[in-house]
Amino acid sequence: MTKTRRSFFGQITDLLSGDQITEETWDDLEALLVQADLGVSTTMTLVDHLRDQWNRGRVRSDRDLQDLLKEELLALLGDPPPMTIDQPRLLTLVLVVGVNGSGKTTTIAKLAKYYKDRGRKILLAAADTFRAAAIDQLKIWGDRAGVPVIAHQPGADPGAVVYDAIRASQSRKADLLIVDTAGRLHTKYNLMEELRKVRGVAAKRVHQAPHETLLVLDATTGQNALSQARHFKDAVDVTGVVVAKLDGTAKGGIVFAIAEELGLPVRFIGTGETMDDLAEFDAQAFVDGLFE
């Protein structure tokens, strides 16, 4: 969170540490939160509440105001239910969706490594058959993670890849199958239809699958990430978000916008470029990290 803390949220800390809170302070706070990608609607609601508490005398010092801001940000993130990946079952199937360039393939490899290190037996399915490079990339990353990849030729039916990957998982006694899916532009109707088809194949072959559908969003794309998320959420019932490249942006506020405007929990964050740079999202640690 260093970049975010040193930029917008660092300025917010300085702003609220002044000798006097004025109307200009609220305007500046609003501008900083919007610039940090918190979103206009979320920002206005948050600042209005802080201003109201200050005017009523319920917050009496700049330190109390900062503490209230942290409390409100934490409340925006909510208390989502635990992920179902760790629930006991013969095979857990996770779909990973997102546009090309979002960090989807590397995130899949990080997820595979993360769960492999925790004793899971994992297979990857290369169901992004639209791009030949996507299959090759997943094979490379799967090799780095030490996890087998089930793949067909470029242009193959993604549903058939998922079908074969499920059979392979069952025969090899794998307990976690992570499926890479096509990442063409989210505005393409045929992409969403393809994703629904993949979901259908998974549901027919594995009880209650997919058990999680994780959307990978590039933190550096800011508010455009919200537009992507809405499309995917409508099409494939996204259950959680992985925010990639969070270490590379100063606009960490997108995490709050995702939670508030989309009602989606952030499950993991990408914290760097190596295979181990993935962390389960901790709301308290995240908010604390913005200010400290």
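**View 1. The largest pocket has a volume of about 290 Å³.** The model is predicted: local features need pLDDT of at least 70, side-chain atom pairs count only at pLDDT 80 or more, and totals for chains, interfaces and linings use all residues. Residues are numbered from 1 along each chain as its sequence is written, and side-chain values use heavy atoms, with hydrogens and water left out. A pocket is an open set of points on a 1 Å grid over the protein atoms alone, where a 1.4 Å probe fits, with protein on both sides within 12 Å along at least five of seven lines. Points are joined across faces, edges and corners, and the volume is the space filled by probe spheres set on them. Sixteen residues line the pocket; Pro80, Pro81, Val266, Arg267 and Phe281 lie nearest its centre. A lining residue has an atom within 4 Å of a point. The lining divides into eleven nonpolar, one polar and four charged residues. Here Ala, Val, Leu, Ile, Met, Phe, Trp, Tyr, Cys and Pro count as nonpolar, Asp, Glu, Lys and Arg as charged, and the others, Gly among them, as polar.

**View 2. Helix H2 (residues 8-15) meets helix H3 (residues 23-35).** Their axes come within 9 Å and cross at roughly 165°. Axes are lines fitted to C-alpha atoms over the stretch in contact, and angles run from 0 to 180 degrees between N-to-C directions. H2 and H3 are therefore roughly antiparallel (angles over 145 degrees). Their crossing is left-handed: the near helix is turned anticlockwise from the far one by less than a right angle. H2 contributes Phe8, Phe9, Gln11, Ile12 and Leu15 to the contact, and H3 contributes Thr25, Asp28, Leu29, Leu32, Leu33 and Gln35. Contact means heavy atoms within 4.5 Å. Seven of these residues are nonpolar, three polar and one charged. Helices (H or I, at least four residues) and strands (E, at least two) are DSSP runs, numbered from the N terminus.

**View 3. Helix H5 (residues 62-77) packs with helix H12 (residues 283-291).** The angle is about 145°, with the axes 10 Å apart. This crossing is right-handed, the clockwise case. Leu69, Lys70, Leu73, Leu74 and Leu77 of H5 touch Ala283, Gln284, Phe286, Val287, Asp288 and Phe291 of H12. The contact holds eight nonpolar residues, one polar and two charged.

**View 4. A cis peptide bond joins Ala209 and Pro210.** Omega is about -5°. Pro210 is in the loop between helix H9 (189-205) and strand S5 (212-218).

**View 5. Asp37 has a positive phi.** The value is near 75°, in a residue other than glycine. Asp37 is found in the loop between H3 and helix H4 (40-55).

Conventions: Parallel < 35°, antiparallel > 145°, perpendicular 65-115°, else oblique.
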